[in-house]
Each structure stands twice: as structure tokens, then as C-alpha cells.
Amino acid sequence: MAAVLSCILPVHGPAPQLGQTLDSILNQSFGWFELLLLDDGSTNENTSLCRQYAQKDVRIRLFRLSQASEAEMKNTAIDEAEGRYLAFVEPGEMLGSKAFAKMVQAMENRGLDWISANYTLQGSQQSQPMEHPAFAAQEKEQLWQQFPSYYKTGQLEVLCNKLYRTQLIREFGLRFLPLEAWMQTLTFQLDYLRAVRSMEHMAESLAQCPVPPWQEDTQPLASLTMTQQKLEALHPFLNEEQQASLYAPLVADSLPPLVTTQFDLVCSKETNYSFEERSQALETIFAQPLWHAALLSQLKQRTGFYNQCVCKAVEAKNPSLILLPLRLKRPKG
């Protein structure tokens with residue numbers, strides 16, 4: 001029987017959990033799929049493991065794409081795929097054993113363009129469920145009603161919790177762009193959303209994903225900068241889709257709590273940033289009107305003389321005054 005689904009797995013650079021990812025795909029209860037396994041040849045270990053699995057399972061089609069970028073590998077797989085649905089999985093991601101079965105059934109029974117499910121972010125110390133209530137959008141307007149909460153719960157952060165319709169991707173000429181991995185994922189999904197007419201989201205968690213490197217970046221303002229870049233990608237998309245009214249609430253929900261958290265980390269004695277790093281981070285916040293305004297809106301809600309002084313220093317955009325307590329020696333005893 002011809003493949004109903006094509007699962008695309010690019011192996012790009014070190015992939016310590018590649019074997020576990022392959023096992024989670026090949027052990028699916030739904031068997032009518034092909035696995036397009038793309039190896040960039042960057043490590044002998046990856047190449048050897050890919051070859052071993054391809055020799056054991058006829059559902060695997062192995063492609064050796066030396067020095068290809070991750071975007072090029074995915075685009076090649078889109079062109080080669082034989083299934084009418086596409087799944088994208090990255091090394092380190094794990095699928096529940098019934099993920100394909102449940103999502104294919106939904107796509108087939110209801111003629112959907114897109115199906116997604118909840119997933120879990122797995123860190124080194126703890127896991128975080130990424131959950132959104134189930135919904136069915138048979139019309140685009142119903143989808144837009146769900147979009148703000150869908151975005152805020154991280155459903156556009158990953159690919160592996162979804163199935164895509166191959167014909168729709170080809171019809172609209174959708175490609176992965178040569179961008180950073182997180183932006184590549186977001187822009188592809190926004191492009192696909194433009195083409196989607198109907199979709200459903202399942203409340204069940206069907207995938208597990210490692211915490212992306214950018215979320216573990218310890219540099220000051222790393223997560224804030226990333227959030228700002230995501231919002232900047234969303235803005236033209238929402239304008240083009242005539243949903244500009246959704247943008248301001250997303251900014252209001254995303255930036256104030258995040259910029260305040262980052263501000264507190266920069267000013268905390270418990271973090272190991274140098275004084276120069278702290279000062280530069282504050283200057284960066286003050287240079288961004290949206291960040292500065294969002295921070296002030298949160299600080300003005302805090303009470304007490306010290307917080308009032310901090311708020312005035314932020315209004316004056318004075319890093320030295322804000323960081324003065326860190327320069328003072330702690331009293332002995």
C-alpha cells in the first residue's frame with residue numbers, strides 16, 4: 001500500500017538522541033507511512049546510525065545531502081514526499097505511539113487542511129506541558145478567534161505536533177527559508193496558515209520536544225529579544241490577513257511580564273552578570289520604546305519607597321542609579 005503520510009526527519013549536526021527519535025517514529029501504531037531520513041553527513045556517528053536503520057526498515061528512504069542546510073534538507077523532502085500528509089520531526093523529539101493514527105484519522109474523516117495536538121517541553125530538570133483547549137475551525141474566521149491563545153501557548157514553536165496537507169504546500173509553493181531554526185519554523189507555519197481553510201487542535205499531548213537552545217540562553221535579554229523578533233514577524237502577517245486588531249493584545253500580553261522578569265534578573269544580586277553586562281542590558285531596554293513603556297507599566301504597580309525610586313530611575317533611563325544597590329557592600333553579620 002502506498003504511503004498515506006510522509007514523515008520528514010533532517011539530521012543536521014550532532015544528534016545525540018537520534019536513535020530514540022527514530023524508534024518513536026518507527027513504532028507508530030499507524031504503519032502506512034514513509035520516513036524520509038535526510039543526513040547531511042556532518043558526523044560519522046549519524047551517518048552510520050541512519051544507514052543501520054535504513055537497512056532494517058523498508059519504510060525509510062535515506063538521502064545523503066552533504067553540507068546541505070536544514071532548510072534545504074526539508075525542502076528536498078517536500079519535493080520527494082509521496083504521502084498526502086506531511087509530518088516534520090527533529091532529532092531529540094519523541095512522538096507518542098498513536099500520534100500518526102490519531103492525526104491521520106482526524107484529517108481523513110473531516111477533510112482538514114491542518115491538525116495539531118498539545119505537546120510537552122522536556123528540560124534537563126523538569127517538563128512543561130504546552131496545552132491549548134481542543135477546537136475545530138471549519139472556517140477561517142473561527143481559526144482567528146483561537147489564534148491569540150494558540151500562539152501564546154507555544155503551538156507555533158514546533159512542527160512535530162502537527163500534520164500538513166502535501167498538496168496545499170505544493171500548490172502555494174511553500175518553502176523553508178534559510179533562517180535561524182526557530183524563525184524558520186515560525187515563518188513556515190505562518191505561510192501555511194495563509195493557505196489553510198480548516199483545522200482542528202487536539203487537547204491530547206502527542207509529542208515531547210527538548211527545550212530549544214534559545215530558551216536556555218543565559219545571556220541578558222535573550223528571551224526578550226527572541227519574543228520581540230517573533231512579534232515583528234507576526235505583525236506583517238496579521239496585517240496581510242486583515243487581522244491587525246490581534247497584534248496589540250498579543251504585544252500587551254507578551255512584553256510587559258517578560259520585560260519585567262528580565263529587568264529583575266538584570267538587577268538581581270543572585271545573577272552572575274558583570275556590571276557592564278547589566279548596564280548594557282538596561283540601555284537596550286531603554287532604547288526600545290515598547291520595552292521601556294511595558295516595563296514602566298509594570299513597575300508603577302509596585303508599592304514601597306524603594307520601588308518608587310526604581311520607577312523614577314527607569315523613567316529617567318538611568319542605569320547607574322538603578323544598579324547602585326549592586327555597588328554597595330553588604331553589611332557584615
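Let me begin with a definition: a residue is called buried when its relative accessible area is under 20%, exposed when that area is over 50%, and partly exposed in between, using a 1.4 Å probe and the protein chains only. By that rule Asp79, at 48% relative accessibility, is partly exposed.

Two remarks on the source. The model is predicted, so local features need a pLDDT of at least 70 and side-chain atom pairs count only at pLDDT 80 or more, while totals for chains, interfaces and linings use all residues. Residues are numbered from 1 along each chain as its sequence is written, and side-chain values use heavy atoms, with hydrogens and water left out.

I turn to the charged pairs. Side chains of opposite charge can pair when their charged atoms come close. A salt bridge here is a side-chain nitrogen of Lys or Arg within 4 Å of a carboxyl oxygen of Asp or Glu, and the count comes to 19. Helices and strands are DSSP runs numbered from the N terminus, helices being H or I with at least four residues and strands E with at least two.

Consider Glu90 and Lys74, whose closest N and O atoms are 2.9 Å apart in a salt bridge. Glu90 lies in the loop between β4 (85-88) and β5 (94-95), and Lys74 in helix α3 (residues 70-80), so this pair ties together parts 16 residues apart in sequence. Glu90 is buried at 19% relative accessibility, and Lys74 is buried at 1%.

Asp79 returns at this point, as the salt-bridge partner of Arg175, with the closest N and O atoms 3.0 Å apart. Arg175 sits in the loop between α6 (166-171) and α7 (181-195) and Asp79 in helix α3, so parts that are 96 residues apart in sequence are tied together. Arg175 is partly exposed, at 32%.

What is the distance between the closest N and O atoms of Glu200 and Arg110? In this salt bridge it is 2.6 Å. Glu200 belongs to strand β10 (residues 199-210) and Arg110 to helix α4 (residues 99-110), so the pair links parts 90 residues apart in sequence. Glu200 is buried, with a relative accessible area of 11%, whereas Arg110 is partly exposed at 41%.

Next, the cysteines. A disulfide is a covalent bond between the sulfur atoms of two cysteines. With the criterion of a pair of cysteine sulfur atoms within 2.5 Å, a search of the whole structure finds 0 disulfides. For Cys50, the nearest cysteine sulfur is that of Cys7, 13 Å away; Cys50 itself is buried, at 0%.

Finally, Gln189, which is placed in helix α7. Gln189 is buried, at 0% relative accessibility. Contact means heavy atoms within 4.5 Å. Leaving aside residues up to four places away in sequence, Gln189 touches Trp114, Gln155, Leu156, Glu157, Val158, Leu159, Lys162 and Tyr164.
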